[in-house]
2 protein chains.
Amino acid sequence: MEKTAVVVGSGNVALHLTRALMKAGVQVLMIYSRTAANALDAGRLLGVPATSIWSEIPTEASFYFYAVSDNALNELLARDLAPAAVHIHTAGSISMDVFGANKPYHGVLYPLQTFSKNKELDFRQVPLFVEASSSGVLLIISELAASIAGSIYEISSSQRMQLHLAAVYACNFVNHMYTIAGDLVKLSGLPFVILRPLIAETASKIEFISPAEAQTGPAVRRDTSVMNKHMELLNNHPNYKEIYQLLSDSISSKK
Amino acid sequence: MEKTAVVVGSGNVALHLTRALMKAGVQVLMIYSRTAANALDAGRLLGVPATSIWSEIPTEASFYFYAVSDNALNELLARDLAPAAVHIHTAGSISMDVFGANKPYHGVLYPLQTFSKNKELDFRQVPLFVEASSSGVLLIISELAASIAGSIYEISSSQRMQLHLAAVYACNFVNHMYTIAGDLVKLSGLPFVILRPLIAETASKIEFISPAEAQTGPAVRRDTSVMNKHMELLNNHPNYKEIYQLLSDSISSKK
């Protein structure tokens, strides 16, 4: 029997997840977004029926995915919808307890990855972290997960939240460092692209050696002469200077 | 005529640079380190004569490279050595003015990359930033640089310092984020390796879209509910918590 799904949400995770489900042969019956324009855009982009009207969501799907903001999730799950189906949210920091008695078969499928609209990626390389309301539902969700990605891990809600927190450092904060570096490079009259080999090598290194072993730069050498010069260069950027000081201290204290 | 060089220093940059010079057909006559054990190790590793005795350094080389700590550089350049040769330092944050009248032909060759002892890399992919005491010396250094790497840029000492500062964010601070993420993942009982696809994708994204466009996570969404949960999880890690707060504020303020 063909698997069918509805995806609630039209953000980056919803779009990439829908694409992955379709690639795995799951029939996505509909995409729902509270905002009509977003529903329309997502439907067109993916070639899937879309709606912003709750009552139009088909009730016969086997899976309902919720890839929406944490605030929206509570509100949407309170609404009644297909009580016999399996309901799955994708949030890193929301406990599985968020599902109420109106959705007895439920679980979580958390993809540990950063998704942007204008950047394709191979979903098969994304590690998926699953949790479910019962061992039976766990089996069903794990089987579906295995059809869209290569590595599946069963973890608890509290492990997932810890993992999401780690991901903020490994991805969101890292990307912000790229942003600042780009700003600073521009001030020297050079283009951002000259940083790419450095960024690629920094990420590639930790596939071979631990981050502790990979640490280089003035802070780990406690080279105060260089650090003082850098702090002086940042006099007109108090925010970047504060970040420089705090992170350099943190690196030096690890040594 | 075969090019000959002496490398002063035995750290990560010195080792990778020596290897790159040798690959390009430059004959490295000797490696010097102030520490006898380091000189011995470097010499053995690279199959090059090594010494820790200044007077043993050959004076007939065409190039003398200085890849040493900023403090050591001043002291070593004050010593007299081969006044007719070209002397080159590799430091990001030291002005070319560091060379005195005893070394009239001099310049800088700054590799924008992170070098670790136990991680090989393709030096041809490293962007090199050069500066020289005269247009004649610039030509000589640029020609040598082109034989060991693919992209060569001429920049001033102040541009180089700004670039070095940017590299601290793009590499050293990024790597520290990996360290913290690894610590936090371990607390959830999961291995560091599960972060690798996320780290790789985060670095790869900025080859296609700008870091500003690539920014994801709770701070850019101003999702205070998630951020508060994360801050609570960090109650036992005041240093990580301070970093979380400062970087989240910085990301939100960019939006």
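**Figure 1. Helix H10 of chain B in the predicted model.** Helix H10 of chain B runs over residues 238-254, and its 17 residues reach 25 Å from first C-alpha to last, close to the 24 Å expected at 1.5 Å a residue. Look along H10(B) for its buried residues, among them B:Tyr240, B:Ile243, B:Tyr244, B:Leu247 and B:Ile251. The buried residues of H10(B) pack against helices of both chains: H5 (157-187) and H10 (238-254) of chain A, along with H5 (157-187), H8 (218-221) and H9 (224-233) of chain B.

**Figure 2. A:Tyr169 in the largest nonpolar core.** This core holds 122 residues, and A:Tyr169 and B:Tyr169 are the ones that touch the most other members. Beyond neighbours within four places in sequence, A:Tyr169 is in contact with A:Val174 and with several residues of chain B, including B:Met177, B:Ile180, B:Leu184, B:Tyr240 and B:Tyr244.

**Figure 3. How chains A and B are related.** In chain A, A:Val174 has the C-alpha nearest the axis, 2.6 Å from it. The copies meet through the same surface, because 100% of the interface residues of chain A are also interface residues in chain B.

**Figure 4. B:His230 and its contacts in both chains.** Here we visit helix H9 of chain B, where B:His230 has its place. With 0% relative accessibility, B:His230 counts as buried. Leaving aside neighbours within four places in sequence, B:His230 is in contact with A:Ser93, A:Met161, A:His164, A:Leu165 and A:Val168 from chain A, and with B:Pro218 and B:Tyr244 from chain B.

How values were computed. Residues numbered from 1 in each chain as written. Chains lettered and ligands numbered in written order. Predicted model: local features only at pLDDT ≥ 70, side-chain atom pairs only at ≥ 80, totals over all residues. Heavy atoms only, no water. Helix = DSSP H or I, 4+ residues; strand = E, 2+ residues; numbered from the N terminus. Expected span 1.5 Å × (residues − 1). Buried < 20%, exposed > 50% of the residue type's maximum accessible area, 1.4 Å probe, protein only. Contact = heavy atoms within 4.5 Å. Core = buried A, V, L, I, M, F, W, Y, C linked by side-chain atoms within 4.5 Å. Least-squares fit on C-alpha atoms with pLDDT ≥ 70 in both.
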